[in-house]
Amino acid sequence: MRAYERLLQYAKVYTTSDPASGAHPSTARQFDLAHLLVEEMQALGIADAAVDEHCYVYGSLPAAPGCEGLPCLGLIAHMDTSPDASGENVRPVIHENYDGKDVQLPGSGAVMKVSAFPFLASMKGETLITSDGTTLLGADDKAGIAEILTAVETVIRDGLPHGRLAIAFTPDEEIGEGADLFDLERFGADFAYTVDGGDVGGIEYENFNAAAATVTIRGLSVHPGSAKDTMINASNLAMEYHLALPRMARPETTEGRQGFYHLCQMYGDVNEAKLGYILRDHDAACLEYKKEMLRQIAAWMNGRYGAGTVAVEIKDSYRNMIEKIRPHFHLVETARTAIRMAGLEPEELPVRGGTDGATLSWKGLPCPNLGTGGFNFHGVYECTTAERMDKAAEVVGNIIALYAKVR
């Protein structure tokens, strides 16, 4: 079975995670895909495939004869889809022999314009896969799951040499909790790759340091007719607080390794208002500066409007994996070779986000990220092609083969 055929099956399973849930997994529906994957893995010959109570799927392939002394290679992807767009009732659409021009999505009538998405032109002649425009596609990261299982199926079918392979599919990656309850001891890998990136050929081993901040502003409500010199409108103060942050350090004004303050939520009334931020920077010291900026603005406003008017709560989310990848740089070098074996040139860019691999790397499992061949994740214009998924599966297979040559 080709990787894209697996994707078409997985995409139809509703697995959107929920950041407000507080449960693990955040949505019980993720078990639907987990159980499907366990059945498929067992049918392939991965006898120990199973899902735990937190919706983590684990399975392993024992080392081939003569390869028992090789290190254990891990392969990881995530099952949930982003809550940024609907993941329910996904209807994948196949555009055979795509002509490289604008694409109308039949369910919504929305048009994917080449002028907005120039990469589309490079897909001319390929088998383009989109949603119908009413939902996301779910290639993030069901394409990664499909590519891992396709590569493993090839290894099993062709009797190829390999060390022990550890496979895991996680819930809740999209809400930053995918590695929280990951059982490293059960997984048993010496090192791993997540397959959760963009275009095929990508290698990601540097990501943002990340934190989340909640700013709570307390006001004083009185009748607006007699409010002069008395009312403190918390909603107005929330706007004042946000405008004190640098405009040129927002997601829409930054790129590459430039960090940002991202206002994700803003709500309130006269009595109380809340601002929800995520803070990102590849440089850990710069992230600390951003945290301090939030505190300093609060201190200044408390001096002006009264102690306790503004409170800031900051929680660290994940850290830059590059510090943990550097001592195991063979992972990057092997991926480069595997990509070139597939006839592609590696592309190495810093991730303007995070992956399960960042958290896992800091937990002791060095874990760079590989491209899946997908584009426009988290929205209705998400897409991939059958051919790029084939190449991504080939890259995974090449990595397995290269580590089988380690003696």
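Analyst: The side chains of Asp140 and His378 are joined by a polar contact of 3.1 Å. A polar contact here is a pair of N or O atoms within 3.5 Å; within protein, one must be able to donate a hydrogen and the other to accept it, and residues adjacent in sequence count only if both atoms are side-chain atoms. The model is predicted, so local features need pLDDT of at least 70 and side-chain atom pairs count only at pLDDT 80 or more, while totals for chains, interfaces and linings use all residues. Residues are numbered from 1 along each chain as its sequence is written, and side-chain values use heavy atoms, with hydrogens and water left out.

Asp140 sits in helix H3 (residues 139-158). Helices (H or I, at least four residues) and strands (E, at least two) are DSSP runs, numbered from the N terminus. Its relative accessibility is 7%, so Asp140 counts as buried. Buried means under 20% relative accessible area, exposed over 50%, and partly exposed in between (1.4 Å probe, protein chains only). Beyond four places in sequence, Asp140 touches His78, Asp80, Thr81, Glu174, Asp196, Phe377, His378 and Glu382. Contact means heavy atoms within 4.5 Å.

Two names in that contact list come up again in the record. The unreviewed UniProt entry annotates His78, Asp140 and Asp196 as "binding site". These residues are spread over 119 residues of sequence, yet they cluster in space, with a largest C-alpha distance of 8.0 Å. A caution applies: UniProt positions follow the numbering used here, feature names are shortened, and annotations may be inferred rather than shown by experiment.

Now His78. This residue is in strand S3 (residues 73-78). Its relative accessible area is 1%, so His78 is buried. The His78 side chain makes a polar contact with the side chain of Asp140, at 3.1 Å. Leaving aside neighbours within four places in sequence, the contacts of His78 include Asp140, Asp196, Asp141, Lys142, Glu173 and Glu174. Ile145, Thr170 and Asp356 are also among them.

Eight strands form an open sheet in the order S1-S2-S8-S3-S9-S16-S10-S15, with mixed pairing. Its edge strands are S1 (50-51) and S15 (347-348), each pairing on one side only. Two strands pair if DSSP finds at least two bridges between them. Strands of a sheet pair through backbone hydrogen bonds, either parallel or antiparallel. Strands S9 (residues 191-197) and S16 (residues 369-371) run parallel to each other, over three bridges. In S16, Asn369 is the bridge partner of Thr194.

Another polar pair: the side chains of Glu126 and Arg388, at 3.0 Å. Glu126 is in the loop between strand S6 (111-112) and strand S7 (128-130). With a relative accessible area of 14%, Glu126 is buried. Its contacts beyond four places in sequence include His95, Tyr98, Thr385 and Arg388.

Next, charged pairs. A salt bridge is a side-chain nitrogen of Lys or Arg within 4 Å of a carboxyl oxygen of Asp or Glu. The count by this rule is 16. One of them joins Arg6 and Glu40, at 2.5 Å from N to O. Arg6 is in helix H1 (residues 3-11) and Glu40 is in helix H2 (residues 30-44), so the pair ties together parts 34 residues apart in sequence. Both Arg6 and Glu40 are buried.

Glu206 and Arg257 form a salt bridge too, their closest N and O atoms 2.8 Å apart. This pair links distant parts of the chain, 51 residues apart: Glu206 is in the loop between strand S10 (202-204) and S11, and Arg257 is in the loop between H5 and S12. Glu206 has 13% relative accessibility and counts as buried.

Glu288 is partly exposed at 42% relative accessible area, whereas Lys291 is buried at 5%. Salt bridges that share partners also join Arg6, Glu40 and Glu153 into one network.

Last, helix H5 (residues 234-243). Its buried residues are Ala234, Leu237, Ala238, Tyr241 and His242. They cover an arc of only 140 degrees around the axis, which puts them on the same side of H5. The arc is that of the directions from the helix axis to the C-beta atoms. These buried residues pack against strands S11 (209-218), S12 (260-268), S13 (272-281) and S14 (310-318), and against helix H6 (284-305). At the start of H5, a side-chain oxygen of Asn233 comes to within 2.9 Å of the backbone nitrogen of Ser235.
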